[in-house]
Amino acid sequence: ELASRTAKYLDLCRGGDDGPSRASERFREVATAIRLWNDPPTSEQLRILVIANCERDEIAARLQIDEQVVATIEGLFFDVRWALGGSDWIVCHVIIPEIRAGAFDLAEGECKKSGYGQCNAA
């Protein structure tokens, strides 16, 4: 369902000058999810809260966004809840890439929220 909505959103975006606005009107949660994911402070907070295994309704309340948008962001960009019990996976596929990208504060926040203690990111 999400893949289908996203594909339709992208198709509409390519439909001329008014395509992006029509796509945003028709698929608001996809458009909002993409916009918020591309906003570093919001996406960083969301990643930390997901790693901390906060419920979607709590994330939505903290970030003041719709819960469906949180689900859409997770579905499109950060589908990691299935791996939260596997600390090696989280460290290798989430925290270390953040460190390599220079996002030391984000990586440290993810470490703390996920129960790994303080990371030595530097």
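1. In helix H5, which spans residues 56–63, the buried residues are Ile 59, Ala 60 and Leu 63, where buried means under 20% relative accessible area, exposed over 50% and partly exposed in between, with a 1.4 Å probe and protein chains only. Viewed down the axis of H5, these buried residues fall within an arc of 100°, so they line one face of the helix; the arc is that of the directions from the helix axis to the C-beta atoms.

2. This is a predicted model, in which local features need pLDDT of at least 70 and side-chain atom pairs count only at pLDDT 80 or more, while totals for chains, interfaces and linings use all residues. Residues are numbered from 1 along each chain as its sequence is written, and side-chain values use heavy atoms, with hydrogens and water left out.

3. The buried residues of H5 pack against helix H4 (40–51) and against H6, contact meaning heavy atoms within 4.5 Å. On the face turned away from this buried side, H5 carries the exposed residues Ala 61 and Arg 62. Gln 64, which follows H5, has a positive phi, near 55°.

4. Glu 74 is found in helix H6 and is buried, with a relative accessible area of 2%. Leaving aside residues up to four places away in sequence, Glu 74 touches Val 50, Arg 56, Ile 59, Asp 79 and Arg 81.

5. Helix H1 (residues 2–13) and helix H6 (residues 67–77) have axes that come within 11 Å and cross at roughly 90°, the axes being lines fitted to C-alpha atoms over the stretch in contact, with angles from 0 to 180 degrees between N-to-C directions. That makes H1 roughly perpendicular to H6, a term that covers angles of 65 to 115 degrees. The contact brings Leu 2, Arg 5 and Thr 6 in H1 to Gln 68, Thr 72, Gly 75 and Leu 76 in H6. By class, it has 2 nonpolar, 4 polar and 1 charged residues, with Gly counted among the polar ones.

6. As to the whole protein, there are 8 helices and 0 strands, where helices (H or I, at least four residues) and strands (E, at least two) are DSSP runs numbered from the N terminus. Of its 122 residues, 40% count as buried, and among contacts with a separation of 6 or more, residues 24 or more positions apart account for 47%.

Conventions:
Parallel < 35°, antiparallel > 145°, perpendicular 65-115°, else oblique.
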